[in-house]
Amino acid sequence: MASLSLRFTSATPLVPRATPLNLRTRTQKPLSIRSQSAPVLSQDELKKLAADKAVESVKSGMVLGLGTGSTAAFVVDKLGQLLSTGQLSNIIGIPTSKRTQEQAASLNIPLSTLDLHPHIDLAIDGADEVDPNLDLVKGRGGALLREKMVEAASSSFIVVADDSKLVSGLGGSGLAMPVEVVHFCWKYNLVRLQGLFKGLGCEAKLRIAGDGSEKPYVTDNGNYIVDLYFKNPINDGFAAGKEISAMEGVVEHGLFLGMATSVIIAGKTGVEVMTK
Ligand SMILES: O=C(CO)[C@H](O)[C@H](O)COP(=O)(O)O
């Protein structure tokens with residue numbers, strides 16, 4: 001687990017006792033996996049552990065925000081499984097992307113929209129970066145706009161991630177902080193975004209589709225994404241977010257500030273629940 005000064009809380013065991021990975025609550029000390037000769041878990045197994053723990057908060061009858069990405073996909077899988085075995089009923093999912101919509105539909109999860117269900121009980125989603133204040137960078141999966149709309153409409157928002165996502169300051173992972181922009185004169189905005197964060201050694205790049213072509217990546221909303229790469233972390237996320245949003249042609253940015261209710265992190269030493 002990264003050596004950040006975080007506050008962890010957890011009231012209940014996080015996974016069944018038989019699970020080889022030892023669990024940590026606020027008062028329990030984790031045992032070393034090595035000393036138990038337990039297998040080292042893969043990143044996907046860690047994501048699944050975090051996802052399964054988050055789904056414990058889901059109750060029948062809830063309206064749920066369904067996140068996007070590889071970790072959120074484990075959440076959707078688990079929901080589908082619980083529905084199919086009758087352990088959950090009457091949930092309604094509000095998907096944050098076409099991908100998630102397709103996955104949820106394939107698992108027979110009833111779906112709706114924010115228009116029809118403007119009040120969501122609980123959203124569960126992954127993140128690209130999590131800082132000690134539970135502020136996030138999201139959107140490397142390209143779904144930041146719908147994610148932000150759905151998660152802002154949720155009474156609770158649980159983030160699920162493996163411990164590679166922990167950072168001491170947002171932008172500090174050296175990976176992309178996405179900004180969704182209209183495609184009209186995207187270069188103009190790319191240059192302006194890079195200029196805005198010149199002091200942080202920011203490099204801005206248009207996201208490419210990644211399908212072998214050099215075509216731009218197009219979001220579910222028909223927009224482009226400018227990815228910002230920082231040499232130094234962002235000091236004041238709120239100020240940064242405000243300045244980005246003030247730019248004409250910017251649709252949304254990947255800073256999710258003050259939105260997460262809790263973050264479930266799975267790492268080599270256990271699963272931890274971070275709350276403010
Ligand atoms: O914001 C997102 C998609 O827009 C994802 O939640 C984020 O990129 C994390 O993805 P993963 O769980 O695959 O690491």
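Q: How do helix α2 and helix α3 pack, in angle and axis distance?
A: Keep in mind that this is a predicted model. Helix α2 (residues 70-84) and helix α3 (residues 98-106) pack at about 25 degrees, and their axes lie 9 Å apart.

Q: Why is α2 called roughly parallel to α3?
A: The label applies to angles under 35 degrees. The pair comes in at about 25 degrees, so α2 counts as roughly parallel to α3. As for handedness, the crossing of α2 and α3 is right-handed.

Q: Which residues make the contact between α2 and α3?
A: On the α2 side they are A72, A73 and V76, and these meet T100, Q103 and A104 of α3. Sorted by type, the contact of α2 with α3 has four nonpolar residues, two polar and no charged.

Q: What makes A51 count as buried?
A: The cut-off is 20 or more other C-beta atoms within 10 Å. A51 has 27 C-beta neighbours inside 10 Å, so A51 is buried.

Q: Where does A51 sit, and what is A51 in contact with beyond its neighbours within four places in sequence?
A: A51 belongs to helix α1 (residues 43-55). Setting aside those sequence neighbours, A51 is in contact with T71, F74, V75, K78 and V160. There's also V159: 108 residues separate A51 and V159 along the chain, while their C-alpha atoms are 8.9 Å apart.

Q: Why is helix α4 described as largely enclosed by the rest of the structure?
A: Helix α4 covers residues 144-152, and seven of its nine residues are buried, so the description follows from that count. The buried ones are L144, L145, R146, E147, K148, V150 and E151.

Q: Which domains does the chain have, and how far apart are their centres?
A: The domain assignment gives domain 1 (34-167 + 258-275) and domain 2 (177-252). Taken over C-alpha atoms, the centres of domain 1 and domain 2 are 25 Å apart.

Q: How many residues of domain 1 and of domain 2 are in contact?
A: Contact here asks for C-beta atoms within 7 Å. On that basis 12 residues of domain 1 are in contact with 11 residues of domain 2. On the domain 1 side, α4 gives the most, with four residues. That side of domain 1 divides into four nonpolar, three polar and five charged residues.

Note on methods
Residues are numbered from 1 along each chain as its sequence is written. This is a predicted model: local features need pLDDT of at least 70, side-chain atom pairs count only at pLDDT 80 or more; totals for chains, interfaces and linings use all residues. A residue is buried if 20 or more other C-beta atoms lie within 10 Å of its own, exposed if 12 or fewer, and partly exposed in between; C-beta atoms are placed from the backbone. Helices (H or I, at least four residues) and strands (E, at least two) are DSSP runs, numbered from the N terminus. Two residues are in contact if their C-beta atoms, placed from the backbone, lie within 7 Å. Axes are lines fitted to C-alpha atoms, for helices over the stretch in contact, and angles run from 0 to 180 degrees between N-to-C directions. Angles under 35 degrees count as roughly parallel, over 145 as roughly antiparallel, 65 to 115 as roughly perpendicular and the rest as oblique. A crossing is left-handed if the near helix is turned anticlockwise from the far one by less than a right angle, and right-handed if clockwise. Ala, Val, Leu, Ile, Met, Phe, Trp, Tyr, Cys and Pro count as nonpolar, Asp, Glu, Lys and Arg as charged, and the others, Gly among them, as polar. Domain bounds come from an automatic or database domain assignment.
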